[in-house]
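Here are some notes to go with your first look at this one. Have the viewer open and follow along point by point.

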Amino acid sequence: MNKQTLYIILLLCLFSTEIIHSQEKKKIEIEYAGRLTIDEENYPGAKVLTRDESQQVHIMQGSINMWSDKAIYYSGENFIEAYGNVKLIQGDTIHMTSKYIEYSGITQLAFASGDVVLKDPNSTISSDTLYYDRVKQQAFYKNGGTVVKDTSGTITSKIGRYYMEQKKYQFVDDVVLVNKDATINSNYFDFYSDTGYAYLFGPSTIVTAESNTYTEKGFYDTKNKNGYAVRNSKIHYNDRIIEGDSLYFDDTKKFASATNNIKVTDTINHSIAKGHYAEVFKAQDSLFITKRALVATKQENDSIYMHADKIMVTGKPENRIVRAYYNAKIYKSDLSGKADSIHSNQKTGLTQFINLSRLSSTDVFSTKRRPVLWNVENQMTGDTIHLISNPKTEKLDSLLVFNNAFIISKDTISTDGYNQISGIRLVGLFNEKNELRKVDIIKNAQSIFYTRNENQELIGIDKAKSGSISILFSEGDIEEYSRLNQVDGDLYPESKYPEKEKRLKGFDWREDERPLSVEDLFKDDEPLILPTIKGLDDYIPQDTFFDEELLERVKLAGQGFVINKAARNIPEEESSTGNLLEFNQNFNTKEWQKVAIELTSEKVIDPEGKATAFNVIGTGSSDGHTLTVIKKTKGMFKWSIWLKGKGITRIRFQEQGGDYTNYNTLPINLTDKWTKYTLTGEKVDDGNYLRCVISDIQTNDSISLWGSELIELSKK
């Protein structure tokens with residue numbers, strides 16, 4: 001024997017000794033048993049341990065201790081079954097009780113059943129069945145469970161997994177968190193027990209005393225009671241609904257803000273505010289909105305739109321006040337206006353057009369450009385304008401212009417003729433059509449009228465000064481007028497009227513500023529670049545609890561034995577991901593592509609009678625379908641979905657791209673009763689992703705859909 005061979009043999013001996021020593025350290029030890037019996041007929045190869053009157057059976061392995069009323073110990077397999085008032089303690093961190101536990105000293109995997117309660121310093125898990133992996137330091141349930149975390153609340157779900165080292169929970173299906181401040185419902189819910197942070201994915205709601213939030217991707221801090229939402233999100237604040245690309249809310253401050261593509265709906269006053277940044281203070285009943293801010297309020301069968309750099313809405317629903325400031329404008333089909341600031345009191349019906357005092361002396365608009373109002377063919381300006389409407393009927397009532405009142409209307413025929421009236425103050429009255437009917441100019445009145453006969457032939461140009469003027473309008477034209485305390489005046493033929501006298505002092509025709517549509521309200525705005533919202537990372541599905549590493553441990557534990565007891569509570573197949581479909585209830589998303597079908601407004605109640613399901617009809621000549629793509633290139637999958645309706649359809653596993661290979665297909669004859677259909681198939685690794693398809697939807701076929709679930713199956 002040469003030296004090299006001898007050296008290898010010595011190494012192998014040392015290695016074998018280390019393996020034996022390692023196995024011995026993992027051997028389950030019996031610390032106490034009141035009675036030990038052998039029952040080869042019922043428990044071949046096992047020792048039956050029972051308690052006595054003084055104490056329970058006590059076994060241990062390393063840092064784990066277990067007590068029970070009865071235990072079956074298979075020393076050859078290093079495996080134990082414990083019955084009756086079972087208690088498992090690991091160091092000072094894990095404390096688990098149940099009616100029954102199986103534990104393998106080789107896999108270090110425990111399976112508990114019957115009123116299982118697992119406690120650690122951070123939380124308490126309760127379930128009917130629970131797996132606990134000492135190697136990975138993870139606990140897992142798949143048939144429903146409850147987690148209690150002190151002030152963060154109680155969480156229930158169908159599937160739950162606890163990563164002890166990360167202090168992280170990952171919940172799947174029918175997840176509900178309840179505490180004294182909030183109730184959260186979600187399909188996918190990641191929760192960190194040390195911080196109280198909760199991450200929500202898929203259709204989710206957060207209900208508190210202050211708000212009701214819906215989102216399909218969001219975050220909530222259960223300790224500080226704030227959070228944000230970044231996908232298809234809405235916040236309900238009593239009589240307001242807030243929508244936007246990114247929403248933030250703080251229930252301690254009764255505050256919410258929104259960024260990008262915002263819409264705030266006032267359900268009581270029938271108004272909608274839009275912009276790209278907004279803040280809502282619930283306690284103060286206030287809304288602040290900026291970045292292309294717009295408020296639309298329903299009036300009669302029309303709407304009035306208000307735009308400004310910034311808009312603030314304050315007051316209780318019965319006494320809302322809207323303040324728009326800096327380059328404020330309004331538009332209504334029969335009225336439009338502009339001012340540095342516009343204030344509207346919905347209770348009194350008073351709308352004020354005001355110029356604000358600015359610090360900058362170069363601000364031409366605030367120092368020289370007075371508020372302006374257009375109605376039909378009339379333009380009215382002054383230092384301040386008050387527009388008064390009837391709050392009950394919402395019809396325009398009257399108009400007041402204070403200081404430097406000026407009204408202009410273009411002559412209907414001449415190219416450069418303008419009817420003009422100026423004075424200290426203007427009082428106007430509107431008719432039932434919201435058209436200016438009567439105007440009184442009070443004090444220091446001056447006027448220029450293009451006077452025409454019944455054939456609309458110009459008689460002359462009337463210019464006069466008087467104490468006041470009273471005018472009647474008809475469809476924007478002067479019907480008649482009268483002067484009081486006239487100082488001077490005359491009617492001149494147009495040919496003899498001096499050109500320089502055709503404009504009264506202060507004349508300022510501003511037709512080019514007049515908004516003629518809602519879009520015109522924004523024509524003076526600078527281009528707006530919206531900030532990029534980073535938001536939250538996409539949902540990362542659970543990897544399987546029974547992964548290859550764990551299954552290899554189970555396999556090794558059974559080598560050399562007829563029955564692998566360590567494997568008997570390992571499922572034959574197990575979801576490796578939870579539900580892979582993030583949008584398993586909401587088919588009205590871009591993730592579900594739609595061809596030759598459309599969603600209908602028909603309301604169909606889901607199989608559990610709790611919510612409204614989606615309904616689709618075929619609109620094409622043949623193969624209408626909806627599909628979603630899953631980023632998996634291989635594996636075994638099971639897809640289930642609830643369907644009802646009329647017609648014949650198919651659900652398919654299909655290749656995304658390539659030659660669109662069908663991996664498996666299930667034909668379905670729909671009925672008027674909800675039925676859960678399941679399709680299982682294997683995806684080969686052809687380099688393309690998997691897609692789930694609901695196909696063969698013919699014209700006028702009607703299908704209701706609910707509860708789509710896709711799981712990846714793993715094999716032992």
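1. Let's start with the holes inside. This is a predicted model, and it holds six cavities of 30 Å³ or more. The largest cavity has a volume of about 100 Å³. Its lining is made up of 13 residues, and Asp266, Ser271, Ala273, Leu287 and Val313 are the ones nearest the centre. Three strands, β23 (255–266), β24 (271–281) and β25 (286–299), each give at least two residues to the lining of this largest cavity. Sorted by class, that lining has seven nonpolar, three polar and three charged residues.

2. Next, the second largest cavity, with about 80 Å³ of space. Of the 13 residues that line this second cavity, Phe79, Glu102, Leu109, Phe111 and Ala566 sit closest to its centre. The elements giving two or more residues to its lining are β8 (94–104) and β9 (109–119). By class, the lining of the second largest cavity divides into eight nonpolar, three polar and two charged residues.

3. Now for the open spaces. How much space lies in the largest pocket? About 1500 Å³. Some 47 residues line this pocket, with Asn187, Pro203, Gln585, Ala611 and Trp706 nearest its centre. Among the elements that give two or more residues to the lining of the largest pocket are β15 (168–178), β16 (182–192), β42 (612–618) and β49 (702–715). The lining of the largest pocket counts twelve nonpolar, 21 polar and 14 charged residues.

4. The second largest pocket has a volume of about 630 Å³. It is lined by 18 residues, and Leu580, Glu582, Val629, Ile630 and Lys631 lie nearest the centre. Strand β43 (residues 624–630) gives the most to this lining, with three residues. Here the classes come out as eight nonpolar, three polar and seven charged.

5. On to the charged pairs: the structure holds 31 salt bridges. One of them joins Asp239 to Arg320, with the closest N and O atoms 2.5 Å apart. Asp239 is in the loop between β20 and β21, while Arg320 is in the loop between β26 (302–314) and β27 (321–332), 81 residues apart. Are these two buried or exposed? Asp239 is buried at 9% relative accessible area, and Arg320 counts as buried at 1%.

6. Arg320 also meets Asp266 in a salt bridge (2.8 Å, N to O). Because Arg320 lies in the loop between β26 and β27 and Asp266 in strand β23, the pair ties together parts that are 54 residues apart in sequence. Asp266 counts as buried, at 6% relative accessibility.

7. Another salt bridge to look up is Glu712 with Lys632, where the closest N and O atoms are 3.1 Å apart. Glu712 is in strand β49 and Lys632 in the loop between β43 and β44 (635–646), 80 residues apart. Glu712 counts as buried, with 14% relative accessibility, whereas Lys632 counts as partly exposed at 24%. Elsewhere, salt bridges that share partners join Asp133, Lys136, Asp547, Glu549 and Arg553 into one network.

8. Last stop, the surface. Ile30, Leu36 and Ile38 form a nonpolar patch there, with about 270 Å² of accessible area together. Ile38 is found in strand β2 (residues 35–38) and is exposed, with a relative accessible area of 54%.

Key: Residues numbered from 1 in each chain as written. Predicted model: local features only at pLDDT ≥ 70, side-chain atom pairs only at ≥ 80, totals over all residues. Heavy atoms only, no water. Patch = residues over 30% accessible without salt bridge, like charges linked within 9 Å, V, L, I, M, F, W, Y side chains within 5 Å. Areas by Shrake-Rupley, 256 points an atom, 1.4 Å probe, with all protein chains shown as cover. Salt bridge = Lys/Arg side-chain N within 4 Å of Asp/Glu carboxyl O. Helix = DSSP H or I, 4+ residues; strand = E, 2+ residues; numbered from the N terminus. Buried < 20%, exposed > 50% of the residue type's maximum accessible area, 1.4 Å probe, protein only. 1 Å grid on protein atoms, 1.4 Å probe; cavity = no way out; pocket = protein on both sides within 12 Å on 5 of 7 lines; lining within 4 Å. Points joined across faces, edges and corners; volume = space filled by probe spheres on them. Nonpolar A, V, L, I, M, F, W, Y, C, P; charged D, E, K, R; others polar.
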